[in-house]
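This report covers the overall build of one protein chain and then a handful of its residues. Please keep the sequence and the 3D view open while reading.

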Amino acid sequence: MQRNNVKEKVKQVTKNKQFVLASSSQTRILIAKQIFENIKVVKHNFNEEKERGGNPDHTKTALLLAKGKACSVAKQYPKDIVIGSDQILICNNKLINKVKSKQQAKKKLEFLSGKKHTLWSAIYVINGQKKFYEQIKKAVLEFKLLTNEEIENYVEKNPLAVFNSVGSYKIEDNHKHNFVKIITGDRETILGFPLKGFLRKLLDEEDGCF
């Protein structure tokens, strides 16, 4: 099925359903609003900072966080489809978190410079108070070797990317900065919101077609 036909099919299947996105991520909110006609955006009340560093198995951390976000608001919306999503970044077997200061951002970019890193992105969906769908996807990227001057300039001029993304960069802006090379993984995984599998399941349950 061609891409435009798939998008129209998704719109038809989802237009009579109410979706809830448990997120404050501007990237996820923008993507969700482009796909779902009926979408509520609700700030989750899950303590992700506590859980983010508490699981030694990094391959499962993103999924546990996505589940925690969805479950934290699901009881408030028992008849709706609740979506939780999260992403973690691993470099040299170290979990990398969002920064809270320019100094932290500079240190993080210095650490990532010239290295490969792995992004784990997950989605967890609840429908009628029951698990409907879950998935975790992996992408591997390589950061180019940056000079201190490049890092300083980038941090000063790009606060939204620096503070709002786990890697302090946005793949959408890579054409301007050319910071990262994609080794493996698709765009939705790098953006941190893997929706295709979930949408495919919705369509399959509707009429067995995708």
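A contact here means heavy atoms within 4.5 Å. On that basis, residues 24 or more positions apart account for 66% of the contacts in the protein chain with a separation of 6 or more.

This is a predicted model, in which local features need pLDDT of at least 70 and side-chain atom pairs count only at pLDDT 80 or more, while totals for chains, interfaces and linings use all residues. Residues are numbered from 1 along each chain as its sequence is written, and side-chain values use heavy atoms, with hydrogens and water left out.

**Overall build**

The protein chain holds 10 helices and 7 strands; these are DSSP runs numbered from the N terminus, with helices (H or I) of at least four residues and strands (E) of at least two. Its C-alpha trace spans about 55 × 40 × 30 Å along the principal axes. The radius of gyration, taken over C-alpha atoms, is compared with a globule rule of 2.2 Å times the number of residues to the power 0.38. Because a compact globule of 210 residues would have a value near 17 Å, the 18 Å of the protein chain agrees with the rule.

Buried means under 20% relative accessible area, exposed means over 50%, and partly exposed lies in between (1.4 Å probe, protein chains only). Of the 210 residues, 49% are buried. The accessible surface comes to about 11400 Å², and carbon and sulfur atoms hold 47% of that surface. Areas are from the Shrake-Rupley method with a 1.4 Å probe, and for residues only the protein chains shown count as cover.

For charge, Lys and Arg count as positive and Asp and Glu as negative, leaving out His and the chain ends. Each charge is placed at NZ of Lys, CZ of Arg, CG of Asp or CD of Glu. The 39 positive and 23 negative charges have mean positions 2 Å apart.

**Cysteines**

A disulfide is a pair of cysteine sulfur atoms within 2.5 Å, and the count by this rule is 0. Cys71 is partly exposed because its relative accessibility is 38%. Cys91 has 0% and therefore counts as buried.

Thr189 sits in helix H9 (residues 187-191), Val42 in strand E2 (residues 39-42), and Phe132 in strand E6 (residues 130-143). The table gives their accessibility.

| Residue | Relative accessible area | Class |
|---|---|---|
| Thr189 | 0% | buried |
| Val42 | 12% | buried |
| Phe132 | 13% | buried |

Which residues does Thr189 contact, leaving aside its neighbours within four places in sequence? They are Gln87, Leu119, Ser121, Lys137, Lys138 and Ala139. Val42 and Ile29 lie 13 residues apart in sequence, with 9.9 Å between their C-alpha atoms. Beyond four places in sequence, the contacts of Phe132 include Val125, Ile126, Asn127, Phe198 and Leu202. Phe132 and Asp86 are 46 residues apart along the chain, and their C-alpha atoms are separated by 17 Å.

**Positive phi in loops**

Asn93 has a phi near 65°, a positive value in a residue other than glycine. Asn93 lies in the loop between strand E3 (81-91) and strand E4 (94-96) and is exposed, with a relative accessible area of 65%. Ser168, also not a glycine, has a positive phi near 60°. Ser168 is in the loop between helix H7 (159-164) and helix H8 (174-177). Its relative accessibility is 0%, so Ser168 counts as buried.
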